[in-house]
Amino acid sequence: MFVAASTLCWPDLELQAAIELLQDLDFTAVEIAIQESIGPIRPNELLQDEARAVQILRSSHRMDISGYRVELSTTGDEHYEQFHTLCRIAKATKVVNISVPSAEKGTPFNEEVEHLKRLVAIAEGEGVRLSVRCMLGCLSEDPDTLLVLCNNIEGLGIALDPSVALIASAGNPAVAKAMAVGKGFDQLLKFVTNVQLRDTSKDKFQVSVGQGEIDYGKIVTQLEREKYNRALTVDMSPMEEHDHRVELRKLRRLLESLI
């Protein structure tokens, strides 16, 4: 295992500026967000010139790229074409992991299965591993649904976010029962390809490190049992009432002490 940080830790900065700040905080690996909604790189801008996109992303070579966090606004054939281009870019930049969001809650399950199967097939064709991100308000916020997705889609991984499970369980007795004593994670761990981390309380998605209920030690122990050897990704947005550099450094040191 190793500690990485998401460029979304500095959502308002250009890519190079975000990377330089993370380097100053002694991170050695970075997850790069390629999203229309937020972050340093917008897919529609990046995908206009594939060769230039590779050059831009390679500018982070002083840090290892642990993966790409992708969110496309397109639909239909254009969506799959853009995703295929991103997979070629990932291959050219020697990045294996790409994560995408799942559909919103209420989306027909079979429709989501077919969509993710198509993405997995595209990714595998370029030597890339596709993961679905745990996200509130999406099918992936429920660990049982995630397990069924992975069991139905060969090759699909999970970008696990314990904060999502904690918040979801606070308002959903069924999820709470599944997550009790960590049992909700147990069957998912073999599919995990990335872990997104911050501190979280039952009523607030992000709090100062040490003020929440995320049990980092337990998570690391569970992952070690599965011989997990990928990133623990610090994914914290700035909080007005706290020094963001201090918070990032605090969580990096905590995670490194556990591995």
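Me: What makes Arg118 count as lying over the face of Tyr80?
Reply: Arg118 is 3.9 Å from the ring centre of Tyr80. A charge sits over a ring if NZ of Lys or CZ of Arg is within 6 Å of the ring centre and within 35 degrees of the ring normal, and Arg118 lies over the face of Tyr80 by that definition. A word on the basis: this is a predicted model, where local features need pLDDT of at least 70, side-chain atom pairs count only at pLDDT 80 or more, and totals for chains, interfaces and linings use all residues. Residues are numbered from 1 along each chain as its sequence is written, and side-chain values use heavy atoms, with hydrogens and water left out.

Me: How do you know which residues of helix 4 meet helix 5?
Reply: Contact means heavy atoms within 4.5 Å. On the helix 4 side are Asp77, His79, Tyr80, Phe83, His84 and Cys87, and they meet His115, Arg118, Leu119, Ile122 and Ala123 in helix 5.

Me: Which residues does Lys105 contact, leaving aside its neighbours within four places in sequence?
Reply: They are Gly137, Cys138, Leu139 and Glu141. Lys105 is also 41 residues from Leu146 in sequence, with 12 Å between them in space, C-alpha to C-alpha.

Me: What is the pLDDT over residues 173-182?
Reply: pLDDT is the predictor's confidence in each residue, from 0 to 100. The protein chain averages 89, and 93% of the residues score at least 70. Over residues 173-182, though, the pLDDT is below 50, and this stretch has 18 contacts in the model beyond near neighbours in sequence. Where pLDDT is low, the predicted coordinates should not be read in detail.

Note on methods
Helix = DSSP H or I, 4+ residues; strand = E, 2+ residues; numbered from the N terminus.
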